[in-house]
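Here are my notes on the model, as numbered points. Please read them with the structure open.

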Amino acid sequence: MKLTLSVIKADIGGFVGHSDSHPEILASANESLNKAKSAGMLIDYYVTKCGDDLQLIMTHQMGEGNEKIHEMAWNTFVKGTEIAKKLKLYGAGQDLLSDAFSGNVKGMGPGVAEMEINERISEPVIIFMADKTSSGAWNLPLYKMFADPFNTIGLVIAPNMHKGFKFEVHDVKEHKKVYFTSPEEIYDLLVLIGAPSRYCIKSVSSRDTGEIAAVSSTQKLSLIAGRYVGKDDPVFIVRCQGSFPAVGEVLEPFTHPAIVEGWMRGSHNGPLMPVSVADSIPTRFDGPPRVTALGFQLAEGMLVGPRDMFADISFDDARKKANWAAEYLRRHGPFEPHRLPLEEMEYTTMPQVMDKLKERFTTLED
Ligand code: F6R
Ligand code: MG
Ligand code: MG
């Protein structure tokens, strides 16, 4: 059957500060999506959180970018914002950048990852959700899953994966896209995706079948006040098994807590720590950045699950490494490479400081 899997997410208020989500917000979202399911708009749904981000996981048959689905998600966020305001949660409605819905939540603040698929005989999917980081954080794990034989042995020994995958890469600053095929073009691909603040993997598809394998919430960035305003706290969906990487190959990249942008005030580099949903509570220096993974089996659009994939002792070592790396980076305080380069920081006092100092700068003599 043709089915759309949509994940739409927003931070509409934190509890406490930016560290977690309030149960009343989750309950309200459950109620809204339950109504949409009863009305026949959704086949199924699952509401969850990653840190201070509310995550709406939905299945339906209305296709990608559908106005009705997006409007219903937007209204769910608006209703949640009212509760956030009542409870005086922190940053109530922070990701709702517009006063009114206008056709599609893209560009209005929330993050979106959607894929339309033909549901297979068995359809295992994993939804990855991150807090305190940006879309480029998915570049390294997606590369490992779909292009690195040291991670994914299926690329070498599974006949239905041996042709490799096609990557759609977005230049989020110039608003352009380009496609690469692996394995032939991996060196060119890596030139771009190794710079994740500008180039982000939007989707991956199978070269064998042409089918969509993974899609992320990568969106273009807005240049506001001379700075790029990031799309924070990204999600992505990945299909597993068969002609796609196995569940274990999809999870394997997260055993290495790679350094990503985000963390305190969106202005630091820090390790991406794989955690259970219960542990997605970034509290140390508002971090370190977290990633959760919920697995489902789709059954005629029903979301059978979830299984909390990182609630497994085999990720304990990654968490330990992440805590070690967090401590090591923290000792750099306000210095790079812990602090981001000037042009990437989400918070900056640079214009004011330079303005104050402009009379005091003199030209260096040769
Ligand atoms: C980072 C984040 C937090 C806040 C920080 C300051 O993505 O959400 O680290 O940036 O707590 O928050 P404000 O400026 O809202 O007081
Ligand atoms: Mg927040
Ligand atoms: Mg967040």
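How far apart are the magnesium ion (ligand 2) and the magnesium ion (ligand 3), and which residue coordinates both? The two ions are 4.5 Å apart, and Asp52 coordinates both.

1. Basis. This is a predicted model: local features need pLDDT of at least 70, side-chain atom pairs count only at pLDDT 80 or more, and totals for chains, interfaces and linings use all residues. Residues are numbered from 1 along each chain as its sequence is written, chains are lettered from A and ligands numbered from 1 in the order in which they are written, and side-chain values use heavy atoms, with hydrogens and water left out.

2. Magnesium ion (ligand 2). Its protein donors are Asp11 (OD), His18 (ND1) and Asp52 (OD). They lie 1.9 to 2.2 Å from the ion. Donors here are N, O and S atoms within 2.8 Å of the metal (3.2 Å for Na, K and Ca); water is not among the atoms, so sites may look incomplete. The donor spacing in sequence reads D-x6-H-x33-D. Asp11 sits in the loop between β1 (2-10) and α1 (23-38), and Asp52 in the loop between β2 (44-50) and β3 (53-60), so this pair ties together parts 41 residues apart in sequence. Helices (H or I, at least four residues) and strands (E, at least two) are DSSP runs, numbered from the N terminus. Asp11 and Asp52 are both buried. Buried means under 20% relative accessible area, exposed over 50%, and partly exposed in between (1.4 Å probe, protein chains only).

3. Magnesium ion (ligand 3). The protein donors are Asp52 (OD), Asp53 (OD), Asp131 (OD) and Asp233 (OD), at 2.0 to 2.2 Å. Their spacing is D-D-x77-D-x101-D. Asp52, in the loop between β2 and β3, and Asp233, in the loop between β11 (227-229) and β12 (235-239), link distant parts of the chain, 181 residues apart. Asp233 is buried, as is Asp52.

4. Domains. The assignment for the protein chain gives domain 1 (1-118) and domain 2 (122-353). Such bounds come from an automatic or database domain assignment. The C-alpha centres of domain 1 and domain 2 lie 21 Å apart. In the interface, 34 residues of domain 1 are in contact with 37 residues of domain 2. Contact means heavy atoms within 4.5 Å.

5. Salt bridges. The structure holds 19 of them. The criterion is a side-chain nitrogen of Lys or Arg within 4 Å of a carboxyl oxygen of Asp or Glu. Lys37 pairs with Asp44, with the closest N and O atoms 3.1 Å apart. Lys37 is partly exposed at 28% relative accessibility. Asp44 is buried at 7%.

6. A pair across loops. Lys163 and Asp208 form a salt bridge at 3.6 Å, N to O. This pair links distant parts of the chain: Lys163 is in the loop between α4 (154-157) and β6 (165-171), Asp208 in the loop between β8 and β9 (212-216), 45 residues apart. Asp208 is partly exposed, at 34% relative accessible area.

7. Glu211 and Arg239 meet at 3.5 Å, N to O. Glu211 lies in the loop between β8 and β9 and Arg239 in strand β12, so the pair ties together parts 28 residues apart in sequence. Glu211 is partly exposed at 24%. Arg239 is buried at 1%. A network of salt bridges links Arg120, Glu123, Glu211 and Arg239.

8. Ser205. This residue is in strand β8 (199-206). Ser205 is buried, at 16% relative accessible area. Not counting residues up to four places away in sequence, Ser205 touches Phe165, Lys166, Gly210, Glu211, Ile212 and Ala213.

9. Gly109. This glycine is in the loop between α2 (67-86) and β4 (111-118). Gly109 is buried, at 7% relative accessible area. Beyond residues up to four places away in sequence, Gly109 touches Asp95, Leu97 and Lys231.
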